[in-house]
Amino acid sequence: MISIKNLKHYYTDADGNEVRALDGVSLEIKQGEFVAVIGANGSGKSTLARHLNALLLPTDGTVLVDGMDTEDENKMWDIRQKVGMVFQNPDNQIVAAIVEEDVAFGPENIGVPGPEIPQRVADSLAAVGMTEYAKHAPHLLSGGQKQRVAIAGILALQPECIVLDEPTAMLDPQGRKEIVGTVRKL
Ligand code: ADP
Ligand code: MG
């Protein structure tokens, strides 16, 4: 599903100095695998995550997603539909004023036929245990519940691969438990 060969990503910082965030990473991830990448702050985890759906492109090396090269501009949208991203802060990922509308936003945006959307929303909310909150306002939910809604929003796009970048960093212990439980279940 993911094949990374000798990936390098160099940034230029504000002073014009080169920052070698990734310096020759190779990694293979098969369909169905559940992989954790662990490292200190600044070790390059987010940079690596952003390569998995072409939010960043290699300085050198290659990233293949189900055989598609992230540098192939024609494949960018196919890649982004295959790889769903969940970020740290659920508040930055929620766009609508009602939970079910928020989960429907992604599928509507990629042109999923209208009649198919309610089922996707229902299935996605069920998968994260948030069915009973479908009509609620996201901003009134706990951090863990909001992050589960954000995950449901990604599930509704039916990605084959989900990348979570420190999805529990902003959450309290209860919220962390909810997210880890949800990810294990998925
Ligand atoms: P992590 O997610 O493991 O904390 P990051 O991928 O965010 O690590 O960062 C890796 C390195 O790249 C750090 O040294 C960070 O300061 C640097 N970095 C990240 N983003 C940028 C950027 N946009 N411009 C310059 N340097 C960056
Ligand atoms: Mg990070």
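Modeller: Ligand 1 is surrounded by Tyr11, Thr12, Val19, Ala21, Ala40, Asn41, Gly42, Ser43, Gly44, Lys45, Ser46 and Thr47, where a residue counts as near if one of its heavy atoms lies within 4 Å of the molecule. This is a predicted model, in which local features need pLDDT of at least 70 and side-chain atom pairs count only at pLDDT 80 or more, while totals for chains, interfaces and linings use all residues. Residues are numbered from 1 along each chain as its sequence is written, chains are lettered from A and ligands numbered from 1 in the order in which they are written, and side-chain values use heavy atoms, with hydrogens and water left out.

By class, this shell holds four nonpolar, seven polar and one charged residues; Ala, Val, Leu, Ile, Met, Phe, Trp, Tyr, Cys and Pro count as nonpolar, Asp, Glu, Lys and Arg as charged, and the others, Gly among them, as polar. At least two shell residues come from each of β1 (2–12), β2 (18–29) and α1 (45–51), and α1 gives the largest share, three residues. Helices (H or I, at least four residues) and strands (E, at least two) are DSSP runs, numbered from the N terminus.

Polar contacts are pairs of N or O atoms within 3.5 Å. Oxygen atoms of ligand 1 lie 2.5 Å from a polar side-chain atom of Thr47, 2.8 Å from a polar side-chain atom of Ser46 and 3.0 Å from a backbone N or O atom of Gly44. Of the 570 Å² of accessible area that ligand 1 has on its own, the protein covers 62%, by the Shrake-Rupley method with a 1.4 Å probe.

Terms used:
Polar contact = N/O pair within 3.5 Å; in protein donor to acceptor, adjacent residues only side chain to side chain.
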